[in-house]
Amino acid sequence: MKVRPLLRALRDSAYLDGIDVGVYLDVVREQYPQLYAELDFGRDGAQQALKALAQVFNEFETDDRRNGRGDSYRRAQQHIAVRMTGIRKLFELAGGVQDLRDLSPTWRALDLLAGDGLLTRALRVLAPQVRDGVISSDIARTMVTAALTAGLPAIRQDARFLFMRAATMDAVILAYGSHHVPPDDRTTVFLEAARVLRPGGRFVVHDFEEGSPSARWFSEAVHRHSVAGHPYRHFTAGELRRGLGAAGLRGIRVHRVYDPFVMRAATREDAVGQLADYLRDMYGLRGLDRCDETRESVRARVWQLCEECFRFGPEDGGADHGDAWLRSPAVQRVGGQWIAEIPRVALVGVGEK
Ligand SMILES: C[S@@+](CC[C@H](N)C(=O)[O-])C[C@H]1O[C@@H](n2cnc3c(N)ncnc32)[C@H](O)[C@@H]1O
């Protein structure tokens, strides 16, 4: 093999774990023909974007890379129900429906920061009629490989440059990690989302309000104890409105959405302990695992951090919701089970094309 084709093959094989773009396209053509028709790896700038992608290894790949938390993140997401309250609301806003059973079976949505496909898996439970309608899109190769292996339609691409045709999606969702997009690149992402939306389609951006208790969890607990740190700036309502407007969207609304962590178990100890394990895994809080710590003391420390950070006052958006939104972490017995719940309030912007 001559040097140039060899270099190209090496570069391309970095697209997914052991899979080059050609093989990826063969798989998609066979398994997800509609997604195949929506892809555009030939658009201007695509070669450069692929080249840049080959160099990206972020903290969501594997735990054994320096600062990695990908394996433990994916382990946490096996608990599909923990963030279901917020996820349901995001899909309602994206679909413009009050009941997800009203979503059309042909509805198409692109989840731009999909990880291993949690939202796609959640919608299969919430609206089974939309079977392969949510495409998982992520920059991390292990995340996309995991989604494809689980039988979900998925694509590896940077939210700043999509290998997708214009006007193909009914909705685009940027959620659970929008703060990872550097502030200077947020307009680019919003413009790309607007480009792939069909006329009338909706773009939903979910994050946490800068300075709120939900953002405090990241700055005070995650940044201090995570292997990866968490030096990211969150969003303000004004920034969301301006970003959606700059992308040419209309009917812009910014909502405060109750988006708690909820774990159900047979005992109080298991509900709290499993929720603490979930958070430790999801956020890579391995800084808490000192050699003299037991599993129980780490769990207690995680719960204590949650009690310190997630304390909401009336000014944080829950005043109109009475008891429906908790103000601080709680464990309750409901029927035959225990429910541990940690409140969060997300800031969610929606705009229409
Ligand atoms: C916190 S995870 C969220 C995963 C999933 N949505 C969930 O809720 O479990 C954030 C994801 O965003 C991805 N990500 C970060 N920056 C990205 C970018 N510029 N383009 C595409 N994906 C990106 C990461 O690889 C990671 O999988």
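**Ground rules.** The model is predicted, so I took local features only at pLDDT of at least 70 and side-chain atom pairs only at pLDDT 80 or more, while totals for chains, interfaces and linings use all residues. Residues count from 1 along each chain as its sequence is written, and side-chain values use heavy atoms, without hydrogens or water.

I looked up the strand order and found 7-9-8, in an open sheet of three strands with antiparallel pairing. Strands (E, at least two residues) and helices (H or I, at least four) are DSSP runs numbered from the N terminus. Pairing takes at least two DSSP bridges between two strands. Strand 7 (261-265) and strand 8 (330-334) are the edges, each pairing on one side only. From one strand to the next, the twist averages 20 degrees.

I then checked strand 8 against strand 9 (residues 337-342): five bridges, antiparallel. Gln332 faces Ile339 of strand 9.

**The helices.** Helix 12 (residues 268-282) packs on the sheet and touches strand 7, strand 8 and strand 9. Contact means heavy atoms within 4.5 Å. The direction of helix 12 makes about 140 degrees with that of strand 7. Angles run from 0 to 180 degrees between N-to-C directions, with axes fitted to C-alpha atoms, for helices over the stretch in contact. Helix 13 (residues 295-309) lies across strand 8 and strand 9, at about 55 degrees to strand 9.

**The cysteines.** I searched the whole structure for disulfides (cysteine sulfur atoms within 2.5 Å) and found zero.
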